[in-house]
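Thanks for coming, everyone. I want to walk through some side-chain contacts in one model. Please have a look at it first.

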Amino acid sequence: MLNATRLQCSRILTPSSLATQVQGLIAVAPVFADVFAVTGLPELRLRDNDFTQLYRTIVSQQLSVAAASSIWKRLSAASLVTPKAIKAASDSQLRLCGLSSQKIRYVRSLVSHRIDFAELASLDDEAVIAQLTAVTGIGRWTAEIYLLFSLNRPDVMAANDLALQVAAQHCLSLKTRPKESQLREIAEDWQPHRSAACYLLWSYYHEIKSRQALRVVT
């Protein structure tokens, strides 16, 4: 386990701290200087470190933003947004709010694990991933996204993210889109600034898509 003070100090919580991480990334991987020239400093994505954040993540899996928002509104209206309320609710009540049988199983698993979210902040990255992926329905990608945006860790690579893979292929001039294992291996050289790489690559992906859309229109 890492020292809690060290974890707190290294969190990416402000544009300034992200800029520092980006400069550190460019120092170890100069290719990102060109990416940064295109994207500028990405916007921070700060989320809460709590039960609700993971609950909403499960609810929104494989759904459009609109559909997930609709289900969450129904859950909120029915006061089914706390572990205590979910535990007391029947499957039928949850299903009426729009949760599938599979999602109900995932949510009940989350409740049963009784994660200590305050403790998560003091754990190292792999320990957090181990705790979160013990919940049915939460995989490594979801856990890494949680590390990035809810715990604001500086050295996380969500290598199974399609947008990151596409952006990496473009900026690294790879012949094919890297698979998760390949991107994870490539990103070893980007330590200890892999979160900054994720931020830049996501922004770069949106630039790529915007340019492709513009070419189609013109």
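Let me start with a definition: contact here means heavy atoms within 4.5 Å. Two notes on the source. This is a predicted model, where local features need pLDDT of at least 70, side-chain atom pairs count only at pLDDT 80 or more, and totals for chains, interfaces and linings use all residues. Residues are numbered from 1 along each chain as its sequence is written, and side-chain values use heavy atoms, with hydrogens and water left out.

Take Y146. Which residues does Y146 touch, not counting those up to four places away in sequence? They are D48, N49, D50, Q53, L54, F117, L120, L132 and L151. Y146 sits in helix α11. Helices are DSSP runs of H or I, at least four residues long, and strands are runs of E, at least two, all numbered from the N terminus. Y146 is buried, at 3% relative accessibility. For that term, buried means under 20% relative accessible area, exposed over 50%, and partly exposed in between, with a 1.4 Å probe and protein chains only.

Y146 also has a polar partner. Its side chain and that of N49 are joined by a polar contact of 2.7 Å. A polar contact is a pair of N or O atoms within 3.5 Å; within protein, one must be able to donate a hydrogen and the other to accept it, and residues adjacent in sequence count only if both atoms are side-chain atoms.

Now the rings. The structure holds 5 aromatic pairs. Rings of Phe, Tyr and Trp (its six-membered ring) pair if their centres lie within 6.5 Å; planes under 30 degrees apart count as stacked, over 60 as edge-to-face, and the rest as tilted. F51 and Y55 have ring centres 5.5 Å apart and planes at 40 degrees, so this pair is tilted. Both residues lie in helix α4 (residues 51–60), 4 residues apart, about one turn of the helix. F51 and Y55 are both buried. F149 and W202 make another tilted pair, at 5.6 Å centre to centre and 40 degrees between the planes. Here F149 is in helix α11 and W202 in helix α14, so the pair ties together parts 53 residues apart in sequence. F149 and W202 are buried as well. Ring pairs also link F51, Y55 and W72 into a cluster.

W202 has a charge over its ring. The charged end of R45 sits there, 4.7 Å from the ring centre. The criterion is NZ of Lys or CZ of Arg within 6 Å of the ring centre and within 35 degrees of the ring normal.

Last, salt bridges. How many does the structure hold? There are 8 salt bridges. Each is a side-chain nitrogen of Lys or Arg within 4 Å of a carboxyl oxygen of Asp or Glu. R153 and D125 meet at 2.6 Å, N to O. R153 lies in the loop between α11 (140–149) and α12 (162–171), and D125 in helix α10 (residues 125–133), so the bridge ties together parts 28 residues apart in sequence. R153 is buried, at 2%. R194 bridges to D155, with the closest N and O atoms 2.9 Å apart. R194 is in helix α14 (residues 194–217) and D155 in the loop between α11 and α12, 39 residues apart.
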